[in-house]
Amino acid sequence: MQLTQRAPASERLVDLFERGLAAPICLTWELTYACNLSCTHCLSSSGRRDPRELTTDQAKAVIDELEAMQVFYVNIGGGEPTVRPDFWELLDYATAHHVGVKFSTNGVRLTPEAARRLARNDYVDVQISLDGATAEVNDAVRGAGSYDTALRAMSNLADAGMKNFKLSVVCTRHNIPQLDEFKALADRYGAQLRLTRLRPSGRGADVWDELHPLPEQQRQLYDWLVAHGEQVLTGDSFFHLSAYGKSLPGLNLCGAGRVVCLIDPVGDVYACPFAIHDDFLAGNVREPGGFAQVWRHSPLFEKLREPQTGGACASCSFYDTCKGGCMAAKFFTGLPLDGPDPECVQGYGEQLLADRGAVPKPSGDHSHRRRPRPVDVTLTRHRPAPDRPPVTACAEDPLAGTDFRA
Ligand code: SF4
Ligand code: SF4
């Protein structure tokens, strides 16, 4: 992958990233909105398949384009991507065309045979989603039986010899006290723990107020992340917590439209997986010029790559690492984009939330028309090198695989 411009020797790479790259480093592709589950906090409001979904041939054309752009890997999600009948065909096509695949799944289709197939492919990585270290906590948000499904999938992967797959957790008020248990669970299956931030996107907007971590839990999470360093992956999603002191590993910037973007199941391209709203829609891969045209020349992405002023956060002494936090979190909680994050560790977000006006609604709702019965529980606690595929490295080190020669 080439950078769009050569950085002067004195310039930090992060400054260059803020102006955008010739191809995204972290590209998420949601293959389908269809899902067997109805998680309360689903960022894409998934459930039902969209009949306009990209066909197999159209999806392969996108992969061809990614290969030509030297996108080394793609994060595939959904919905539940494995329920697409052509999922395995597309996975094999991508890896045969030098596009590594990391996909997120609730585990429903990870049979022993599927796990053995994945373990044989060096250019695939898997993330099993689990949002509670116990069935009680997990199933309350992901649905009855989803804990057992995820553990069965992890067991199948471990038995198949799949090393270092990911156990992916969205941090909530109810599972922050289980951080050590998550780590032990990941270790038990030879997996690596990945923690990410709950955003008020999709159905997550409906439950954010009751699920997002309490201020004291944010501190607990920060301290835990500092103590566990590089052992635990975060996808750079907690950089707003760096305002507590020491910076967490990562780029510490909002990469939306600069190094990050989303292709949704119908081919729409958004600035970020957590920003599915017309305000962040940059184009569609089916338009002339395809994905490359959208990525390189859409007016929205060009605007996002302009220098940011910092707005109300500019005078904060932590702005250099916190950068005012997450654009999507601000947008979907109704806060100004040039102000503090709703979970600002200095407490400014809480003040703004108390005075906010109308909150924007996410675009599109693909939820099952009949949601499953809620779980009745009372929570008691709250191009690749041949020897090392790029998927795992790129996953958490946005610099991995980047060719810095102009
Ligand atoms: S909007 Fe939030 S989640 Fe998306 S790239 Fe920016 S900081 Fe990350
Ligand atoms: S005021 Fe803004 S820059 Fe400072 S900690 Fe809060 S969100 Fe971050």
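Me: Buried means under 20% relative accessible area, exposed means over 50%, and partly exposed covers what lies in between, with a 1.4 Å probe and protein chains only. The model is predicted: local features need pLDDT of at least 70, side-chain atom pairs count only at pLDDT 80 or more, and totals for chains, interfaces and linings use all residues. Residues are numbered from 1 along each chain as its sequence is written, chains are lettered from A and ligands numbered from 1 in the order in which they are written, and side-chain values use heavy atoms, with hydrogens and water left out. What is the relative accessible area of Gln70?

Reply: Gln70 has a positive phi of about 60° although it is not a glycine, and it belongs to the loop between helix H2 (56-68) and strand S2. Helices (H or I, at least four residues) and strands (E, at least two) are DSSP runs, numbered from the N terminus. Gln70 counts as partly exposed because its relative accessible area is 33%.

Me: Where does His98, another residue with a positive phi, lie?

Reply: Phi of His98 is near 65°, a positive value in a residue other than glycine. His98 is partly exposed, with a relative accessible area of 38%. Its place is in the loop between H3 and strand S3 (100-105).

Me: What share of the residues in the protein chain is buried?

Reply: The chain has 15 helices and nine strands. It exposes about 17,200 Å², of which carbon and sulfur atoms supply 50%; such areas come from the Shrake-Rupley method with a 1.4 Å probe, and for residues only the protein chains shown count as cover. Of the 406 residues in the protein chain, the buried share is 59%.

Me: How many residues of the shell around ligand 1 are nonpolar?

Reply: A residue is near a molecule or strand if one of its heavy atoms lies within 4 Å of it, and those surrounding ligand 1 are Arg199, Phe239, Cys254, Gly255, Ala256, Cys272, Phe274, Cys326, Met327 and Ala328. Ala, Val, Leu, Ile, Met, Phe, Trp, Tyr, Cys and Pro count as nonpolar, Asp, Glu, Lys and Arg as charged, and the others, Gly among them, as polar. The shell holds one charged residue and one polar residue, while the nonpolar ones number eight.

Me: Over which ring does the charged end of Arg199 sit?

Reply: A charge sits over a ring if NZ of Lys or CZ of Arg is within 6 Å of the ring centre and within 35 degrees of the ring normal. The charged end of Arg199 is 4.1 Å from the centre of its ring, and both partners belong to the shell around ligand 1. That ring is the ring of Phe274.

Me: How many polar residues are in the shell around ligand 2?

Reply: The residues around ligand 2 include Cys313, Cys316, Cys322 and Cys344, together with Tyr319, Tyr348 and Asp341. Eight members of this shell are nonpolar and one is charged, and the polar members number two.

Me: What is the angle between the planes of Trp295 and Phe301?

Reply: The structure holds seven aromatic pairs, where rings of Phe, Tyr and Trp (its six-membered ring) pair if their centres lie within 6.5 Å, and planes under 30 degrees apart count as stacked, over 60 as edge-to-face and the rest as tilted. Tyr222 and Tyr244 form a tilted pair, 5.3 Å centre to centre with 45° between the planes, and this pair links distant parts of the chain, with Tyr222 in helix H9 (residues 215-228) and Tyr244 22 residues apart from it, in the loop between H9 and strand S7 (260-263). Trp295 and Phe301 form an edge-to-face pair, 5.5 Å centre to centre, and the angle between their planes is 70°.

Me: Which residues does Asp264 contact, leaving aside its neighbours within four places in sequence?

Reply: Asp264 lies in the loop between S7 and strand S8 (268-270), and it is buried because its relative accessible area is 3%. Contact means heavy atoms within 4.5 Å. With those neighbours left aside, Asp264 is in contact with Trp29, Glu30, Tyr33 and Tyr270.
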